[in-house]
Each structure stands twice: as structure tokens, then as C-alpha cells.
Amino acid sequence: MPKRLALAAAVTLLALPFSVAASAADGSAPTATKVAAEAKPYKVEGGKVDPGTYNGYRRYGESCMRCHGPDGAGSSYAPDLTDSLKHMDYDTFAETVINGRKNVNTANNNVMPSFGTTEDVANYLDDIYGYLKARSDGAIGRGRPQRIGD
Ligand code: HEC
């Protein structure tokens with residue numbers, strides 16, 4: 001019977017990533033699994049970025065910057081996301097942004113809001129992740145990036 005147990009455990013493990021991807025896809029972000037499989041979710045050529053990464057920069061500025069600071073670099077209120085993405089995988093990132101998070105361990109009660117129903121964010125999760133990952137990898141610097149072809 002240990003063989004059957006091992007199989008059951010393997011099936012459970014396999015099912016996990018899919019459930020995470022499915023919850024991320026709720027806000028119709030259909031490419032969740034695609035991005036997770038790619039090594040680099042952005043393209044940088046001569047310091048310029050692809051349209052998705054540029055879009056991510058814009059979306060970040062509209063929805064995240066007021067708490068996480070310019071260029072993803074963090075603030076006294078919310079963590080440095082260029083640092084977070086050095087360790088955090090795409091699925092965890094997506095889960096956090098879609099469902100939000102509340103830090104109950106500090107006196108500050110800092111809250112990461114849920115963006116599951118915010119279409120401007122949920123529909124462009126891949127682009128926001130790509131932009132922050134490019135920042136995190138040091139592939140682009142601070143400030144507004146230029147688009148490839150501009
Ligand atoms: C209202 C302020 C606020 C806004 C707006 C906000 N965040 Fe957050 N975010 C936080 C706080 C505070 C935390 C830390 C929560 C905790 O410690 O549990 C956090 C945590 C996170 C984390 C986890 C970081 C880690 O290292 O564990 C990610 C990822 C994240 N935010 C991404 C985003 C993205 C992407 C956006 C824009 C779509 C965004 N946040 C918008 C306040 C905000």
C-alpha cells in the first residue's frame with residue numbers, strides 16, 4: 001500500500017499549482033501558467049522594454065505605487081517589491097495581489113488590498129509581474145522605461 005499512498009500524495013501535490021492558477025484566472029488573467037513557465041517574463045533590448053513590460057510600469061504606477069513607492073522600491077508602509085520578487089514566484093505573487101493580505105503580526109495593521117475584482121490590475125497581472133521582475137533582476141533602472149522602437 002505505500003505505493004498507493006505515494007501516488008495519492010503526488011496527485012495532491014500536482015493539484016496544488018492548478019488550484020492557485022485557477023484562482024488567479026478568476027479575474028480573467030488567462031496567461032497565468034504561461035508566465036510561470038517562462039524564465040523571463042519581460043524583454044529588454046538596449047535598455048528599452050517590450051509593450052507588456054511598459055504596460056506593467058503604467059499599471060504599477062496607477063494601482064500600486066501609492067503604497068509600494070516609485071519603481072517598486074518600497075515605502076515605510078509597504079514592502080520593496082523588487083526585493084520580494086527575488087524570492088517570490090509568480091503564483092504567490094498572483095495569489096497575494098488577487099486575494100490581498102493582512103499582516104496581523106505588527107501593530108501597524110498594514111493591509112495589502114485585494115485586487116481580484118479590479119480589472120485594471122487583474123487583467124494585467126502578467127505585465128505588472130514582468131515589470132517588477134525586470135526591476136528586481138536589475139534589467140531596468142528606476143523611472144519611466146522607454147519602449148522598444150521609440
Ligand atoms: C493600500 C496600500 C497598498 C496598495 C495600493 C498595494 N499594496 Fe501590495 N502590499 C501592501 C502592504 C501593506 C503589504 C504587506 C502586507 C503584509 O505584510 O502582510 C503588501 C504586500 C504586497 C506583496 C507581498 C510582498 C512580500 O514580500 O511578501 C505583493 C507581491 C504586493 N503587495 C503587490 C502589490 C501590487 C502588484 C500592487 C498593485 C496592483 C499592490 N501591491 C498595491 C500595501 C499595498
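**View 1. The end of helix α6 and the residue after it.** Gly 100 follows α6 and has a positive phi, near 75 degrees, where helices (H or I, at least four residues) and strands (E, at least two) are DSSP runs, numbered from the N terminus. Within helix α6 (residues 90-99), the buried residues are Tyr 90, Phe 93, Ala 94, Thr 96, Val 97 and Ile 98; buried means under 20% relative accessible area, exposed over 50%, and partly exposed in between, with a 1.4 Å probe and protein chains only. The model shown is predicted, so that local features need pLDDT of at least 70 and side-chain atom pairs count only at pLDDT 80 or more, while totals for chains, interfaces and linings use all residues. Residues are numbered from 1 along each chain as its sequence is written, and side-chain values use heavy atoms, with hydrogens and water left out.

**View 2. The iron atom of the ligand.** His 68, through NE2, and Met 112, through SD, coordinate the iron atom of the ligand at 2.0 to 2.1 Å; donors are N, O and S atoms within 2.8 Å of the metal (3.2 Å for Na, K and Ca), and because water is not among the atoms, sites may look incomplete. The pair links distant parts of the chain, with His 68 in helix α4 (residues 65-68) and Met 112 in strand β4 (residues 111-112), 44 residues apart. The six donor atoms around the iron subtend angles of 88 to 179 degrees, which makes the arrangement octahedral, a term for six donors with opposite ones over 155 degrees apart and all others between 65 and 115. His 68 counts as buried because its relative accessibility is 9%, whereas Met 112, at 21%, is partly exposed.

**View 3. Residues around the ligand.** Of the 24 residues around the ligand (a heavy atom within 4 Å), Cys 64, Cys 67, His 68, Ser 84 and Met 112 come nearest. Cys 64 is buried, at 14% relative accessible area, and Cys 67 is partly exposed, at 22%. A polar side-chain atom of His 68 lies 2.8 Å from a nitrogen atom of the ligand, while an N or O atom in the side chain of Ser 84 is 2.6 Å from an oxygen atom of the ligand.

**View 4. Asp 71 and its surroundings.** Asp 71 is placed in the loop between α4 and α5 (81-84), and with a relative accessible area of 10% Asp 71 is buried. Leaving aside residues up to four places away in sequence, Asp 71 touches Tyr 60, Thr 82, Tyr 131, Arg 135, Arg 142 and Gly 143, where contact means heavy atoms within 4.5 Å.

How values were computed. Four donors count as tetrahedral if all angles lie between 85 and 135 degrees; four count as square planar and six as octahedral if opposite donors are over 155 degrees apart and all others between 65 and 115; anything else is irregular. A polar contact is a pair of N or O atoms within 3.5 Å; within protein, one must be able to donate a hydrogen and the other to accept it, and residues adjacent in sequence count only if both atoms are side-chain atoms.
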